[in-house]
Amino acid sequence: MRITFVTMATAMVCLMGVHGDVQPQRDFDLQRFAGKWYRVGLAYDSPGFTALYRDKLRVSMGILNPQTNGNVNLTMWTQRSSGCRSKLYTYEKTAIPGAFTYFSTRHNKVKDITVVETNYNEYALVLKHKKMDREYTQVALYGRSQKVKPEVIQKFRDFATSHGFPKDAILTPPPAENCPPSGR
């Protein structure tokens, strides 16, 4: 009885790390999730984000590589005004498959990453959450290609609005040109 209570209490603490009522993909399979993804949609609740980045944001490409310890390395290429830039992120596994954390050197904070839904071969909805001076949440739509079906875009928009994102904070940017550069 005591072991069951401790196990349940531990599970509840872990679930509290996943933002609100959002749960990770059921039976999440990291090996199937690995590989190339394009961030084709983004919703962000940071004030002013949309106004500042609406015209600058482009589709980003990432390569997700699972590590033997269950962590994940993600290399993302993003188009900036200064050119195409890559950055390596290390997502640390949690006790819940599909939920990860990573330390943001930019914000000097730990952020939660949750793979909310994926069919592994076409799209993924991913939620990123962090606490700073207030809580910030971001929803990203990833596709295995730079273009996804209109019904997938609608699913992303419906998910974002159902979690309180205003419609003008939901972006589907145009493709990046030569980012990453050809040959990579």
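Visitor: What volume does the largest pocket have?

Guide: The largest pocket of this predicted model has a volume of about 1200 Å³. A pocket here is an open set of points on a 1 Å grid over the protein atoms alone, where a 1.4 Å probe fits, with protein on both sides within 12 Å along at least five of seven lines. The volume is the space filled by probe spheres set on the points, which are joined across faces, edges and corners.

Visitor: Which residues are the closest to its centre?

Guide: They are Arg39, Arg80, Tyr89, Arg106 and Lys128, out of 50 residues that line the largest pocket. A lining residue has an atom within 4 Å of a point.

Visitor: And which element gives the most to that lining?

Guide: Strand β4 does, with seven residues. Strands are DSSP runs of E with at least two residues, helices are runs of H or I with at least four, and both are numbered from the N terminus.

Visitor: Before we continue, what conventions apply to the model?

Guide: Residues are numbered from 1 along each chain as its sequence is written. The model is predicted, so local features need pLDDT of at least 70 and side-chain atom pairs count only at pLDDT 80 or more, while totals for chains, interfaces and linings use all residues; side-chain values use heavy atoms, with hydrogens and water left out.

Visitor: How many aromatic pairs are there?

Guide: The count comes to seven aromatic pairs. Rings of Phe, Tyr and Trp (its six-membered ring) pair if their centres lie within 6.5 Å; planes under 30 degrees apart count as stacked, over 60 as edge-to-face and the rest as tilted. Tyr89 and Tyr102 form an edge-to-face pair, at 5.7 Å centre to centre and 85° between the planes. This pair links distant parts of the chain, since Tyr89 lies in strand β4 (residues 83–93) and Tyr102 in strand β5 (residues 99–104), 13 residues apart.

Visitor: Is Tyr102 buried or exposed?

Guide: Tyr102 counts as buried, at 6% relative accessibility. Tyr89 is partly exposed, with a relative accessible area of 23%. Buried means under 20% relative accessible area, exposed over 50%, and partly exposed in between, with a 1.4 Å probe and protein chains only. Tyr102 also forms a tilted pair with Tyr91, at 5.2 Å centre to centre and 40° between the planes.

Visitor: Which residues form an aromatic cluster?

Guide: Phe28, Phe33, Trp37, Phe100 and Tyr120 form one.

Visitor: Changing topic, what does Thr118 touch?

Guide: Thr118 touches Gln25, Phe33, Trp37, Tyr123 and Ala124, not counting residues up to four places away in sequence. Contact means heavy atoms within 4.5 Å. Thr118 lies in strand β6 (residues 109–118) and is buried, with a relative accessible area of 6%.

Visitor: Where does its side chain reach Tyr120?

Guide: The side chain of Thr118 reaches the backbone nitrogen of Tyr120, at 2.9 Å. A polar atom of the Thr118 side chain also lies 2.7 Å from the backbone oxygen of Tyr123.

Visitor: How many bridges join β2 to β3?

Guide: Six bridges join these antiparallel strands, β3 covering residues 72–80. Strands pair if DSSP finds at least two bridges between them. β2 and β3 form a hairpin with five residues between them, and Gly70 in the turn has a positive phi of about 95°. Asn65 stands opposite Asn73 in β3.

Notes. Polar contact = N/O pair within 3.5 Å; in protein donor to acceptor, adjacent residues only side chain to side chain.
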